[in-house]
Amino acid sequence: MEFRHLGRSGLKISEISYGNWLTHGSQVEEDAAKLCVQAALDEGITTFDTADVYAGTKAEEVLGRALKGVRRESLEIFTKVYWPTGPGRNDSGLSRKHITESIHGSLRRLQTDYVDLYQAHRFDHETPLEETLKTFDDLVRQGKVLYVGVSEWTADQIAQALKIADEMGFDRIVSNQPQYSMLWRVIESEIVPLCEREGVGQIVWSPIAQGVLTGKYLPGRQPPEGSRATDASGSGMIARFMKDDVLSRVQELKPIADDLGLSMAQLAVAWVLQNPNVSSAIIGASRPEQVRDNVKAAGVKLDSDVLKRIDDVLGSIVERDPARTSSPNPRP
Ligand SMILES: NC(=O)c1ccc[n+]([C@@H]2O[C@H](COP(=O)([O-])OP(=O)(O)OC[C@H]3O[C@@H](n4cnc5c(N)ncnc54)[C@H](OP(=O)(O)O)[C@@H]3O)[C@@H](O)[C@H]2O)c1
């Protein structure tokens, strides 16, 4: 495993991290979830990403149990707040009340005294940004949270937050967690240049486009049994890639991976890690073998000829529109 700094902070994290959205507490049984976490630890992953909302809060519980007994100082545990965790009107968003209640629930479920990174899972158009940032800053002072970050915020929203933090003397955002893969490059034109200047690192999600970039989904064919595209909770988000033109182009990446002696999943994870603004690529897995396969992307260098071959194959199916980064307004 290779390690990178989380943005401009002093914290080192594994350049491949493990996330448990859609798997722990839902698609995957607890035993399999624990095996995936064990495989991640065996492969040198030290950074784990979850959220209060995953599997209706059960994902944090599973991760807490799976990491029990591991030396806390050897781990970086990331979680998030924003999406609804209950039926009440204050059970979502980034108000002082919800953030405070949510962190207490997350710490209890994760069985830890602090999280290394606490992330605003989306931008809350209904709460003054000062209120959110002051609350995050208070959690840092209380030692419940070591660093703060955001997820899927636009460049303007990140810039506003940094300006307020500088003016008010609050702890600065050190990271953003966006979707990023060969197929989804919407952060490249606005967010990455700003974040490079400001020392904010990207912790990128779905680097293999939820499984699509493994090449296992074939155009014109039913998805393989048990894959995310067949899962009741998972098939919604992956649908954007389950189109024959996308799946056909993805098949053409196979010779490029073969020439490099990489699996297609390794090529996809290595691709996001070529971007120096990426602090870590968060991989998901329903089986421990997937962790063991994908983690071999750590430290792989892709030269410019390879990057060009990938671009030539994918052509116009790559999504680059920065307007695709958005948060619900009003909040859910
Ligand atoms: N901030 C946000 O809004 C946000 C949103 C989404 C995700 N995330 C974070 O990012 C993490 C990763 O997202 P993701 O799970 O979509 O990432 P991903 O790594 O792109 O996709 C993982 C899925 O692909 C399939 N897969 C992985 N390796 C494979 C292999 N070698 N061969 C065949 N299939 C393979 C597995 O699904 P099947 O076996 O079921 O097909 C696995 O669960 C999440 O856990 C979460 O922590 C954050």
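I take a polar contact to be a pair of N or O atoms within 3.5 Å. The model I am reading is predicted.

**Entry 1**

A polar backbone atom of N20 is 3.1 Å from an oxygen atom of the ligand. For I208 I also noted a polar backbone atom, 3.1 Å from an oxygen atom of the ligand. I next asked how much of the ligand's accessible area the protein covers. On its own the ligand has 920 Å² of accessible area, and the protein covers 96% of that.

**Entry 1: the shell around the ligand**

I counted 32 residues around the ligand, and those that come nearest are D49, S206, K216, R228 and S286. By class, I recorded 15 polar, 11 nonpolar and six charged residues in this shell. Which element gives the largest share of the shell? I found that it is α11, with three residues.

**Entry 2: the largest pocket**

I then asked where the ligand sits. I found the ligand in the largest pocket. Two elements, β10 (278-283) and α11 (288-294), each give two or more residues to the shell around the ligand. The space in this largest pocket comes to about 790 Å³. I listed 44 lining residues, and W21, L22, Q210, R228 and G284 lie nearest the centre of the pocket. The elements that give two or more residues to the lining are β10 and α11. Of the elements, α11 gives the most to this lining, namely four residues. I sorted the lining of the largest pocket into 20 polar, 16 nonpolar and eight charged residues.

**Entry 3: the second largest pocket**

For the second largest pocket I recorded a volume of about 170 Å³. Its lining consists of L183, W184, R240, F241, K243, V246, I317, E319 and R324. How many of these lining residues are polar by class? I found no polar residues there, but five nonpolar and four charged ones.

**Entry 4: backbone details**

S206 is not a glycine, yet I read a positive phi of about 50° for it. I placed S206 in the loop between β9 (201-205) and α7 (235-238). I also looked for a cis peptide bond, and found one that joins N329 and P330, with omega about 0°. P330 belongs to the segment after α12 (304-314).

Conventions
Residues are numbered from 1 along each chain as its sequence is written. This is a predicted model: local features need pLDDT of at least 70, side-chain atom pairs count only at pLDDT 80 or more; totals for chains, interfaces and linings use all residues. Side-chain values use heavy atoms; hydrogens and water are left out. A residue is near a molecule or strand if one of its heavy atoms lies within 4 Å of it. A polar contact is a pair of N or O atoms within 3.5 Å; within protein, one must be able to donate a hydrogen and the other to accept it, and residues adjacent in sequence count only if both atoms are side-chain atoms. Accessible areas come from the Shrake-Rupley method with a 1.4 Å probe; for residues, only the protein chains shown count as cover. On a 1 Å grid over the protein atoms alone, a cavity is a set of points where a 1.4 Å probe fits but cannot get out, and a pocket is an open set with protein on both sides within 12 Å along at least five of seven lines; lining residues have an atom within 4 Å of a point. A molecule sits in a cavity or pocket if more than half of its atoms lie within 2 Å of its grid points. Ala, Val, Leu, Ile, Met, Phe, Trp, Tyr, Cys and Pro count as nonpolar, Asp, Glu, Lys and Arg as charged, and the others, Gly among them, as polar. Grid points are joined across faces, edges and corners, and a volume is the space filled by probe spheres set on the points.
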